[in-house]
Amino acid sequence: WLIILDEDKLDDDERAARSRMLAAADTQLTTVDRLVRQFIQLVKERRGHDLDQWLKDVAGSGIKALQSFAKGLRTDLTAVRNALRLGWSNGQTEG
């Protein structure tokens, strides 16, 4: 959660813990932090045009969990692109 949540939603103790964690982290954890934050911003800002570059960055990261997530996105890339591009969803029908 310390990586996924927006920093402005963390309290002071959580922000300090996140800083300590990243300061002591190896390159892999800092890469995870960067890629996860990029993906969150990509979704929030509906930047579908940045998805291909993000997928390339994940493919080259060597981080199996993120690569598996990206592989799942690729299975229906058209739907993912549309979700990032269009302002509507079928969430109401699924609810």
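This report describes the fold, core and selected residues of a predicted protein model.

## Model and confidence

Residues are numbered from 1 along each chain as its sequence is written. In this predicted model, local features need pLDDT of at least 70, side-chain atom pairs count only at pLDDT 80 or more, totals for chains, interfaces and linings use all residues, and side-chain values use heavy atoms, with hydrogens and water left out.

The mean pLDDT (the predictor's confidence in each residue, from 0 to 100) is 87 for the protein, and 93% of the residues score at least 70. Helix 3 (residues 51–59) has the highest confidence, at a mean of 97, and helix 6 (residues 91–94) the lowest, at 60.

## Fold and dimensions

The protein has 6 helices and 0 strands, where helices (H or I, at least four residues) and strands (E, at least two) are DSSP runs numbered from the N terminus. The order of elements from the N terminus is α-α-α-α-α-α.

The C-alpha trace spans about 40 × 30 × 20 Å along its principal axes. Of the contacts (heavy atoms within 4.5 Å) between residues at least 6 apart in sequence, 46% join residues at least 24 apart.

## Nonpolar core

Of the 95 residues, 25% are buried; buried means under 20% relative accessible area, exposed over 50%, and partly exposed in between (1.4 Å probe, protein chains only). The largest nonpolar core contains 17 residues, and V36, L51, W54, L55, V58, L66 and L73 have the most contacts inside it. Such a core is a set of buried Ala, Val, Leu, Ile, Met, Phe, Trp, Tyr and Cys residues joined through side-chain atoms within 4.5 Å. At least two residues of this core come from each of helix 2 (27–44), helix 3, helix 4 (64–74) and helix 5 (77–85). Helix 2 supplies the largest share, 6 residues.

With neighbours within four places in sequence left aside, L55 is in contact with A70, L73, R74 and L77.

## D33 in helix 2

D33 lies in helix 2 and is buried, with a relative accessible area of 10%. Apart from neighbours within four places in sequence, D33 is in contact with I3, R18 and L22.

## Surface

The protein exposes about 6,600 Å², of which carbon and sulfur atoms supply 54%. Accessible areas come from the Shrake-Rupley method with a 1.4 Å probe; for residues, only the protein chains shown count as cover.

W1 is located in the segment before helix 1 (12–24) and is exposed, with a relative accessible area of 74%.
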